[in-house]
Amino acid sequence: MLFSFLRSRRRRAIAERPFPSAWHDILRRSVKPWQWLDAAEAETCRRWLAVFLAEKRFEGCGGLAITDEVRLCIAGQAAIVTLGLGDEWFDSLKSLLVYPGDYLVPRTTPLAGGVELEWKEARVGETWSGGSMALSWPGVLDGGRLRDGPRSVVIHEFAHLVDALDGDIDGVPPLPVRDVAGWRERMSAARERFERALDEGRSTAFDDYAAESDVEFFAVASECFFQDPHRLARHDAELYALLQTAWRQDPKHRVPPRPSRDR
Ligand SMILES: [Zn+2]
């Protein structure tokens with residue numbers, strides 16, 4: 001009780017410190033959606049971001065130097081997606097490991113005759129249960145500068161963190177609605193519509209990695225919800241509304257429509 005009182009007092013003090021003007025420049029340059037926040041949203045994001053940067057450890061891996069641009073490009077994207085979630089700083093997340101490119105994870109696959117095939121899989125991001133998140137810096141920057149269509153590895157990994165807030169990573173984040181079963185059912189129906197579109201070779205709002213599981217469907221659809229909300233709403237207005245409930249915000253109202261690639 002005392003600890004949480006002291007912690008909120010400390011967070012308030014950090015949030016009230018002057019925000020460096022150099023940080024504004026970096027955010028404008030490397031987190032494009034920052035320009036569409038209204039004054040009240042920008043203020044909420046600035047306060048959130050200051051606390052996040054003060055509390056989390058950033059580690060450069062594979063020779064990558066952690067600069068303000070690296071920290072702000074990650075924290076700036078995260079601040080926008082958590083805008084509707086109030087004072088949620090993800091206490092379970094302790095450190096962010098940032099790599100100079102895709103990083104390789106050793107994998108094994110059992111083969112016939114008791115032999116194992118050893119190989120390495122390239123990844124752009126991952127969240128580990130011990131409190132670490134790994135991110136590839138080019139992936140982070142592409143997402144921040146909207147250079148990767150509706151993709152953003154930061155939004156993807158934060159969607160997994162939000163999903164895990166209720167204790168289960170199951171594609172269902174904590175919801176402000178009573179009818180959680182109903183939300184889950186409508187989400188499954190959206191996944192079925194998405195998979196049917198893939199099977200029939202129709203264009204989809206986001207890529208087929210979403211078909212891996214309910215967990216990945218929530219994360220990949222959430223990337224599109226923030227990065228190109230009009231595209232998502234055009235493809236599946238029902239899914240857009242479900243994500244609006246989950247994230248407690250409506251990015252369609254601030255993000256301008258992008259030139260359509262599929263109409
Ligand atoms: Zn994922």
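**Cysteines, sheet and helices in a predicted model**

Q: How many disulfides does the count come to in this predicted model?
A: A disulfide needs two cysteine sulfur atoms within 2.5 Å. Cysteine 45 is in no disulfide, as the nearest cysteine sulfur, that of cysteine 73, is 14 Å away. Cysteine 73 likewise is in no disulfide, its nearest cysteine sulfur being that of cysteine 45. The count comes to 0.

Q: Is cysteine 45 buried or exposed?
A: Buried means under 20% relative accessible area. Cysteine 45 has 1% relative accessibility, so it counts as buried.

Q: Which strands stand at the edges of the open sheet of 4 strands?
A: The strand order is β1-β2-β6-β5, with mixed pairing. An edge strand here has a single partner, so one of its sides is left without a neighbour in the sheet. The strands in that position are β1 (57–60) and β5 (125–128).

Q: What angle does the direction of helix α4 make with that of β2?
A: Helix α4 (residues 68–81) packs on the sheet and touches β1, β2 and β6. Its direction and that of β2 make an angle of about 120°.

Q: How far apart are the end C-alpha atoms of helix α8?
A: Helix α8 (residues 214–227) has 14 residues, of which 13 are buried. At 1.5 Å a residue, the helix should span 20 Å. The distance between its end C-alpha atoms agrees with this: 20 Å.

Note on methods:
Residues are numbered from 1 along each chain as its sequence is written. This is a predicted model: local features need pLDDT of at least 70, side-chain atom pairs count only at pLDDT 80 or more; totals for chains, interfaces and linings use all residues. Side-chain values use heavy atoms; hydrogens and water are left out. Helices (H or I, at least four residues) and strands (E, at least two) are DSSP runs, numbered from the N terminus. The expected span of a helix is 1.5 Å times one less than its number of residues. Buried means under 20% relative accessible area, exposed over 50%, partly exposed in between (1.4 Å probe, protein chains only). Two strands pair if DSSP finds at least two bridges between them. Contact means heavy atoms within 4.5 Å. Axes are lines fitted to C-alpha atoms, for helices over the stretch in contact, and angles run from 0 to 180 degrees between N-to-C directions.
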